[in-house]
Amino acid sequence: MPVKRKEILFVSAYDPSKPINGASVRGLQLVKHLGMGFDLDLVCFEGVGHAPAADLERRFADVDLRVRSRTRIAFTRAGYFLFDPRMFRAVRRQLVTAHYDWVFCDYGLAILYGLLSR
């Protein structure tokens, strides 16, 4: 009988599939590593640390995060630095529809979304 994999919700202040700086490179490696051993769902801001650009999407289109699902919320400065109700709703929706063994919040306001959505 196969062993059920543990489930993790990963809440991120950036999209780890776009390794354009040191933090996102480390985030990519962490998400890929976790995805090897766990069922991983990702909720993240998209467009943090770079201007939205089609060439970034093409350049990193083949990055395999090893995630079960990915929800991307469009970056806004107010949402990133203060609060984004879309991010809150996305995290809350994940927590209501699935049972997670762990919720991993990478840094910054990601922690707030994880705590408020419990």
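This is a predicted model: local features need pLDDT of at least 70, side-chain atom pairs count only at pLDDT 80 or more; totals for chains, interfaces and linings use all residues.
Mentor: Residues are numbered from 1 along each chain as its sequence is written, and side-chain values use heavy atoms, with hydrogens and water left out.

Trainee: What are the elements of the protein, and in which order do they run from the N terminus?

Mentor: There are five helices and four strands, in the order β-α-β-α-β-α-α-β-α. Both kinds are DSSP runs numbered from the N terminus: helices are H or I with at least four residues, strands are E with at least two.

Trainee: Why is Ser 12 called buried?

Mentor: Buried means under 20% relative accessible area, exposed means over 50%, and partly exposed is in between (1.4 Å probe, protein chains only). Ser 12 has 1%, so it is buried. Ser 12 sits in strand β1 (residues 7-12), and buried residues make up 38% of the 118 residues in the protein.

Trainee: How do you know that Ser 12 makes a polar contact with Asp 106?

Mentor: The term asks for a pair of N or O atoms within 3.5 Å; within protein, one must be able to donate a hydrogen and the other to accept it, and residues adjacent in sequence count only if both atoms are side-chain atoms. The two side chains are at 2.8 Å, and the pair is listed as a polar contact. Ser 12 is also in contact (heavy atoms within 4.5 Å) with Leu 42, Met 87 and Ala 110, among others, leaving aside neighbours within four places in sequence.

Trainee: What makes a set of residues a nonpolar core?

Mentor: The members are buried Ala, Val, Leu, Ile, Met, Phe, Trp, Tyr and Cys residues joined through side-chain atoms within 4.5 Å. The largest one here has 15 residues, and those that touch the most other members are Leu 9, Val 11, Val 43, Phe 45, Met 87, Val 91 and Tyr 113. Two or more residues each come from β1, β2 (39-46), α4 and α5 (110-116), with α4 giving the most, three residues. Another core of nine residues lies apart from it, including Ile 8, Val 31, Leu 42 and Cys 44.

Trainee: Why is the pair of Arg 72 and Asp 15 called a salt bridge?

Mentor: A salt bridge needs a side-chain nitrogen of Lys or Arg within 4 Å of a carboxyl oxygen of Asp or Glu. Arg 72 and Asp 15 are at 3.6 Å, N to O, and count as one. Arg 72 is in strand β3 and Asp 15 in the loop between β1 and α1 (22-37), so the pair ties together parts 57 residues apart in sequence. Asp 15 also pairs with Lys 18 at 3.1 Å, N to O.

Trainee: How many salt bridges does the structure hold?

Mentor: It holds 10. One of them joins Arg 86 and Asp 84 at 2.5 Å, N to O; here Arg 86 is partly exposed at 31% and Asp 84 buried at 2%. Shared partners also link Lys 4, Arg 5, Glu 7, Asp 39, Asp 41 and Arg 68 into one network.

Trainee: What makes Phe 81, Leu 82, Phe 83, Leu 112 and Leu 116 a patch?

Mentor: Patch residues have over 30% relative accessible area and no salt bridge; like charges are joined within 9 Å, nonpolar side chains (Val, Leu, Ile, Met, Phe, Trp, Tyr) within 5 Å. Phe 83 has 32%, so it is partly exposed, and Leu 112 is partly exposed at 31%. Together the five have about 490 Å² of accessible area, by the Shrake-Rupley method with a 1.4 Å probe, where for residues only the protein chains shown count as cover.

Trainee: Where do Phe 83 and Leu 112 lie?

Mentor: Phe 83 is in the loop between α3 (77-81) and α4 (85-97), and Leu 112 is in helix α5. Their C-alpha atoms are separated by 8.8 Å, though the residues are 29 apart along the chain.
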